[in-house]
Amino acid sequence: MTAGAGTTDENEARRLSRALRAHLRQEFVAPAGAIVGFAEIALEETEQLGLQRYRGDLERIINAGFSLQQRLNEALSQTGEPDDIDAYRAQLRHDLRTPINAVKGYGEMLIEDAMSDGNDAIVSDLKKLLDAANGMLTRIDALVAFTGPGAGA
C-alpha cells in the first residue's frame with residue numbers, strides 16, 4: 001500500500017463518520033424527542049383522568065426515551081473516528097434498538113390495557129407514540145446499510 005492509499009482510506013473513514021453523525025442528527029434526534037413528548041402528554045392526560053394504573057408504564061416509556069436521547073447524544077459528541085465503521089454502525093444499531101424496544105413493548109401493552117378498560121382517551125396519544133417508535137426502528141435498521149450520502153442504492 002502506498003502512502004497515498006492510506007490517506008485516502010483515512011479520508012473515506014472520516015467522511016463516512018461525519019456523514020453518519022449528520023444522518024443521526026437529522027433522522028433521529030427529533031423522533032426521539034417526539035417519543036418522550038407523546039409519552040409525557042399521555043402521562044399528563046392519565047393523571048387528569050385519574051388513571052393512575054398507567055403511570056408506571058408511561059414513566060418507563062419516558063425513561064426509555066431519555067435513554068435513547070442520551071445514547072444519541074453520546075454518539076453525536078464522540079470525537080475521533082471509529083476503527084471499524086461497520087462494527088460501529090452495528091453496535092449503534094443495537095444500542096438504539098434497546099430503548100426503542102422498551103418503548104414499543106410498554107406502549108403496545110398500554111394500548112391493549114386502555115382499549116380493554118374503555119379508556120380510549122389516551123389511545124390516540126399512545127398510537128402516535130408507537131408510530132414514532134416504529135419509524136425510529138425503521139431508521140435504526142437502516143443504519144447497518146448506511147454508507148453515506150451519494151452511495152449507490
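## The nonpolar core

The largest nonpolar core has 39 residues. Such a core is a set of buried Ala, Val, Leu, Ile, Met, Phe, Trp, Tyr and Cys residues joined through side-chain atoms within 4.5 Å. Buried means under 20% relative accessible area, exposed over 50%, and partly exposed in between (1.4 Å probe, protein chains only). L24, F28, L58, L68 and L96 touch the most other members. Helix 1 (3-48), helix 2 (55-77), helix 3 (85-117) and helix 4 (123-142) each supply at least two residues of this core. Helices here are DSSP runs (H or I, at least four residues), numbered from the N terminus.

This is a predicted model: local features need pLDDT of at least 70, side-chain atom pairs count only at pLDDT 80 or more, and totals for chains, interfaces and linings use all residues. Residues are numbered from 1 along each chain as its sequence is written, and side-chain values use heavy atoms, with hydrogens and water left out.

L68 touches A32, I35, L96, P99, I100 and M136, leaving aside residues up to four places away in sequence. Contact means heavy atoms within 4.5 Å.

## Helix packing

Helix 2 and helix 3 cross at roughly 165°, and their axes come within 9 Å. Helix 2 is therefore roughly antiparallel to helix 3. Axes are lines fitted to C-alpha atoms, for helices over the stretch in contact, and angles run from 0 to 180 degrees between N-to-C directions. Angles over 145 degrees count as roughly antiparallel. The contact of helix 2 with helix 3 has 16 nonpolar, 4 polar and 4 charged residues. Ala, Val, Leu, Ile, Met, Phe, Trp, Tyr, Cys and Pro count as nonpolar, Asp, Glu, Lys and Arg as charged, and the others, Gly among them, as polar.

Helix 3 and helix 4 pack at about 155°, with axes 9 Å apart. That makes helix 3 roughly antiparallel to helix 4. Their contact divides into 15 nonpolar, 3 polar and 6 charged residues.

## Two buried residues

T46 lies in helix 1. T46 counts as buried because its relative accessibility is 0%. Beyond neighbours within four places in sequence, T46 contacts L51, Y54, L58 and I122.

A114 lies in helix 3. A114 is also buried, with a relative accessible area of 0%. Not counting residues up to four places away in sequence, A114 touches Y54, N119, D120, I122 and V123. A114 and L51 are 63 residues apart in sequence, yet 9.6 Å apart in space, C-alpha to C-alpha.

Technical notes: Parallel < 35°, antiparallel > 145°, perpendicular 65-115°, else oblique.
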